[in-house]
Every structure is written in C-alpha cells, then in structure tokens.
Amino acid sequence: MAGRQEAERGKEAVDRRWHAVAVKPGSVACPAVVSGRKRRWLSREAPRLPLPSCTRPEGCNCTYEHHADRR
C-alpha cells in the first residue's frame with residue numbers, strides 16, 4: 001500500500017510542475033488581456049493581475065483560468 005501512496009504523491013508533484021494559468025478577461029477587459037487571452041504561463045511564471053500594461057487597473061476584474069498542463 002505504501003508504494004501506491006508514494007506513486008500518487010509523485011504524480012501530484014509532476015502535475016504541479018506543469019500547472020499553468022491563462023488570464024481570463026473580466027467583463028470590461030483591457031486590450032492587453034484581450035490580445036493575450038490564449039497565452040498560458042507556468043503558474044510560477046505568470047504575471048500578476050492587473051497586468052503591467054493594463055489600461056484599467058482600478059477596475060480590473062480579470063482572473064486566472066487554471067490548466068493542469070502547459071505542455
């Protein structure tokens with residue numbers, strides 16, 4: 001039984017290594033988000049929201065869309 005648990009933990013580690021996010025445009029998204037909405041980043045490399053080039057940072061309601069794998 002211990003071998004199976006170790007395998008499951010190993011699988012989780014691999015999955016997290018490739019966890020990715022995309023920026024999901026909010027209801028009033030700026031051109032910076034709309035133009036890059038299909039781009040995916042590894043979660044540890046993703047830009048912070050609002051994006052640095054956001055033209056509406058005070059009302060930004062964009063979010064991250066999570067993906068299990070970026071590859």
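This is a predicted model: local features need pLDDT of at least 70, side-chain atom pairs count only at pLDDT 80 or more; totals for chains, interfaces and linings use all residues.

A: Residues are numbered from 1 along each chain as its sequence is written, and side-chain values use heavy atoms, with hydrogens and water left out.

The count comes to zero disulfides, a disulfide being a pair of cysteine sulfur atoms within 2.5 Å. In general terms, such a link is a covalent bond between the sulfur atoms of two cysteines. For Cys30, the closest cysteine sulfur belongs to Cys54 and lies 3.7 Å away, which is too far for a bond.

Cys30 is buried, with a relative accessible area of 2%; buried means under 20% relative accessible area, exposed over 50%, and partly exposed in between, using a 1.4 Å probe and protein chains only. Cys54 also counts as buried, at 12% relative accessibility.

Both cysteines belong to the largest nonpolar core, which has 10 residues in all, including Val21, Val23, Trp41 and Cys62. A nonpolar core is a set of buried Ala, Val, Leu, Ile, Met, Phe, Trp, Tyr and Cys residues joined through side-chain atoms within 4.5 Å. In soluble globular proteins, nonpolar side chains tend to be buried together.

Cys62 has contacts (heavy atoms within 4.5 Å) that include Val23, Ala29 and Val33, with residues up to four places away in sequence not counted.

Strand S1 spans residues 20-24 and is largely enclosed by the rest of the structure, because four of its five residues are buried. Strands (E, at least two residues) are DSSP runs, numbered from the N terminus, and two strands pair if DSSP finds at least two bridges between them. S1 pairs with strand S2 (residues 41-42) in the antiparallel sense over two bridges; here Ala20 has Leu42 as its bridge partner. S1 is also joined to strand S3 (residues 63-67) by five bridges, again antiparallel, and Ala22 stands opposite Glu65.

His67 is found in S3 and counts as buried at 14% relative accessibility. Among the residues that His67 touches, beyond four places in sequence, are Ala20, Val21 and Ala22.
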